[in-house]
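Open your viewer and get ready to select residues by number and chain. We will go stop by stop.

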Amino acid sequence: MPKPMPIKSHRFRMFFMMHRLKIIIIFSILLLIVFSIWGLMSLESFYRNMTLAQLPISVILSGISAAVFVFMYLIGFGRGLANVGKRTIKGSEVDVKWSDVIGMEEAKIEAMEVVSLMKDRARLKKIGGKIVRGLLLVGPPGCGKTYLAKAIATEAGIPFIAMAASEFNEIFVGVGSSRVRKLFDKARTLAYGYGACVLFIDELDAIGRSRTFNMFGGAQETNTTQNQLLVEMDGLNEKDANVIVIGATNAAEGVLDAALLRPGRFDRKIFVGRPNLEEREKLFTYYLGKVKYDATIDVGRLARKSVYKSPADIENIIKESALIATRKGKDIVEYKDLSEAMERIDMGLKHRVHMTPEERKITAYHESGHLVTLYFLHPTDDVFKASIIARGEALGVVHHQPREEWHTDSRDKLLADIKVSLAGYVAEKLKFGVTSNGVAADFRNAMAKASAMVWQYGMGTNGFLGDYTLLTGFTTGRDSTNDLLSDQLKYELNMETNRILQDCLKEVEGLLKKEEKILDRFANELLQKEELEYDEIEAIFVECGKSRSFPSPSPS
Amino acid sequence: MRQKPVFPLPLSFLNMRRFFLFLGCIFFLAGCGPTYPKDKLITSLTELCKKEYGVDVSVQVVGKTLGVMVPLDKLLDSTLKLSPDVGDKLDGVILATSRVVLSTDHPLDFYVVVAQDKRIPGIELHLTRYIQDIRRLNYGDLSRTEYTKRMLLDFGLGLGAFSGKEEPFHLEEVQMEQFLATQIARRMKTAFEEEPKLKEGLEIKSVHGKFIPHREASDWGSADKRFGRFVVTLEAREQFIGLLETLGKEDEEKLLGISLEIVLEVLQGYHFSAFDSVEIKFPFIDHPFVLGRDVLELYRRKKVGLAELLSPNNFNLPSYDAELLLKK
């Protein structure tokens, strides 16, 4: 790692620029001390001794006065003083290298390119290229945007100033823009001394939202802060200061002000998304390396089980599993602890709800219905766990996840989701002849999907194509009397929705009747064990000589 | 990552802890050493008076007393009052003397400033101060009024402590006991002059105070064996002598009460306990009041009252023996 060294000819001036206030204060104190000594020496010994004897009490009194002042200030201005030290986060202790950045390969490659541009600035200028002034890291929370920014600063070997955008805002008008100015001044000073400086603004959307212009001036302060940011970024002259601003946000691109995103400001965007299977494997290996774990743990399986999880989620799973293992008095983290941690994060904490034997049996069949249907009919998902222990509002749960990321849902997948949702109802009806209101959440899910298939995705069989929700009064913002859909059309769309539900219902009924034995088996297993893991479930299906019957997954 | 800047200045020199320690040492060393050391005391004061106030003075130290003789061309004006321009010069000399005695390492207890008229050397103004009183005034431990009361100021012919004709002049060391005795007498005189409740027409002409060491007296009895006795004598004007005979019991109590308060105030104020008894001689009472230190303490604590002290039965007791007094 190249250690940044200030440019020799600029060293003294930069030192003065950076420590101007400190130098003035120290100089003033020295001057006061010298004058005090001078004054004391000119006193006759009696008066000198008297003055010196009063010093300790003066110091104590000054301390008390200062404490009273600080107390009153804090009372009067809330976090007034507390903010002073927090305005900038020193990145001097941050040491994140490219090798530490895992689970975001594409973003990393782009970031490396930016870093090489920063380093080869002179060469770039010779060619006539333009230096990157702003870099926007966009992506879902917990995917490592801040981490990537730290890595950029470390690898570029230049000073790093970090600040959260929310810290710009204060109750006082004008404070935001003043802080932006000070921050950029500081960045420029460092850039003057070191050749470049990275200024990282986290949660940029706090000040970067699209400006609003209204007569009431409610958002005036935010606008002013953002305007200052625009001016500072645009006002950067690469001849004077090489300040690279890195912004990070979870907000969609449309949320940020267009002026911020134009070339010359945040002119390069890096999308830091959720990791894929391979990246998740790397992440699990990396974070498991920080705890003691069972060497037999199948990391690939963990990666498959954690589809759509962010790096932060994966880190959290490992931390939680270490806590669970510690609580159980184990020395190492085992697969079961990881599974429990994942389940605790996904499904919430278990809590014992007293159920009558009859209700417990109904719950067991309900969950078994979901399980069997999912196993046989779902094209993309695997069952990872079935349980009849209550969690949150649910009395039981079948936890399933896709084997691999799908960024679109096929018709088969949607139909399978509906079937799985209806399976609990079918199982209850099949075994007990009556059903319970425990199906409410399942029906809500099934109905929403069936309705979306017909109304929005054109997946009905009656020939209607298009997103009909756009033509309803509710969606267009007009009242329902003015919507553009006829009652007849709505009727036909709703009938198609119902037909999908009915078809799915029939199919599930057929399946569960056909596989009643295995349904009974799973219900009994659940009644006995309360929970079944992926391995146990697979073993039972194999034991019963069953295999999946869904067609191979393919997006529509 | 923001790196720690490489400081271009020699910060090892500016090692703050060491630097401030160094400054602290200088700061406190600045308080060491007297401004007017013992061996240069007389010269310093003489030069200071000459330099700052243009007055030639003679200075002498005897024991723990510093004496300053200020010969002035015209101490008194034609009306025999202090000349107006004398005041400034005298104030300057007194101030200079106070400064010097406060900032010297010579162990001094008193200073005496004597202003003498060059024309009539017998006319003198004496000012005596206890140096600890000046310190306490500076510390805010004494009020200005009390400070003034503690100063002895004498004005008259041939007061005796100095003799200006001699070179160097003769100075007597001020003794604490004598200083206190005189102060008690002065305070009593002032108190009786200001006291409106005394019998109309009664006027105390003078009050004399002195301290008699026990070795100089043989008839005091067993109580006065260690230190000695304060003797305060009050004298009334002759024309009022007849009036004194008409004093009643109440007046006696008042006179004795005022006197004892002053005695206690002075002795307590100086934390002085090196005495055996206090004798007060009133002009209108045949026998003197002699109170032992213990009795005085009992009176201070209000264990005995004035009526008991004035009771004729108690006069026969040797020095108002405290034990016997309490038994009665």
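Buried means under 20% relative accessible area, exposed means over 50%, and partly exposed lies in between. Keep these cut-offs at hand. One caution before you start: this is a predicted model.

**Stop 1**

Select helix α21 of chain A, residues 534–543. Which residues of α21(A) are buried? They are Ile537(A), Glu538(A), Ile540(A) and Phe541(A). Now look down the axis of α21(A). The buried residues fall within an arc of 160°, so they line one face of the helix.

What do the buried residues of α21(A) pack against? Show α15 (357–377), β7 (381–387), α20 (516–529) and β9 (531–533) of chain A, and you have the partners. Gly545(A) follows α21(A), and its phi is positive, near 70°.

**Stop 2**

Arg301(A) sits in helix α12 (residues 299–305) of chain A and Asp535(A) in α21, so the bridge ties together parts that are 234 residues apart in sequence. Arg301(A) is buried, because its relative accessible area is 18%, and buried means under 20%. Over all chains, the structure holds 36 salt bridges.

**Stop 3: a bridge in chain B**

Switch to chain B. Select Arg187(B) and Glu265(B). This salt bridge has its closest N and O atoms 3.2 Å apart. It links distant parts of the chain: Arg187(B) is in helix α6 (residues 176–194), Glu265(B) is in helix α8 (residues 249–269), and they are 78 residues apart. Arg187(B) is buried, at 8% relative accessible area. Glu265(B) is partly exposed, at 37%.

Go back to chain A for a group. Select Lys328(A), Lys330(A), Glu334(A), Asp337(A) and Glu340(A). Salt bridges with shared partners join these residues into one network.

**Stop 4**

Keep Glu340(A) and Lys328(A) selected. Their salt bridge puts the closest N and O atoms 2.8 Å apart. Glu340(A) lies in helix α14 (residues 335–347) and Lys328(A) in the loop between α13 (311–327) and α14, so the pair ties together parts 12 residues apart in sequence. Lys328(A) is partly exposed, with a relative accessible area of 41%.

**Stop 5: a nonpolar patch**

Select Ile57(A), Ile60(A), Leu61(A), Ile64(A), Val68(A), Phe71(A), Met72(A) and Ile75(A). They form a nonpolar patch on the surface, with about 820 Å² of accessible area together. Zoom in on Ile64(A), which is found in helix α3 (residues 45–77) of chain A. Ile64(A) counts as partly exposed, at 46% relative accessibility.

**Stop 6: two positive phi angles**

Select Glu203(A). Its phi is positive, about 50°, although it is not a glycine. Glu203(A) lies in the loop between β4 (197–202) and α8 (205–208) of chain A, and it is partly exposed at 34%.

Finish with Lys302(B). It is not a glycine, yet its phi is positive, about 65°. Look for Lys302(B) in the loop between α9 (293–300) and α10 (306–310) of chain B. At 72% relative accessibility, Lys302(B) is exposed.

Note on methods
Residues numbered from 1 in each chain as written. Chains lettered and ligands numbered in written order. Predicted model: local features only at pLDDT ≥ 70, side-chain atom pairs only at ≥ 80, totals over all residues. Heavy atoms only, no water. Salt bridge = Lys/Arg side-chain N within 4 Å of Asp/Glu carboxyl O. Helix = DSSP H or I, 4+ residues; strand = E, 2+ residues; numbered from the N terminus. Buried < 20%, exposed > 50% of the residue type's maximum accessible area, 1.4 Å probe, protein only. Patch = residues over 30% accessible without salt bridge, like charges linked within 9 Å, V, L, I, M, F, W, Y side chains within 5 Å. Areas by Shrake-Rupley, 256 points an atom, 1.4 Å probe, with all protein chains shown as cover. Arc of directions from axis to C-beta. Contact = heavy atoms within 4.5 Å.
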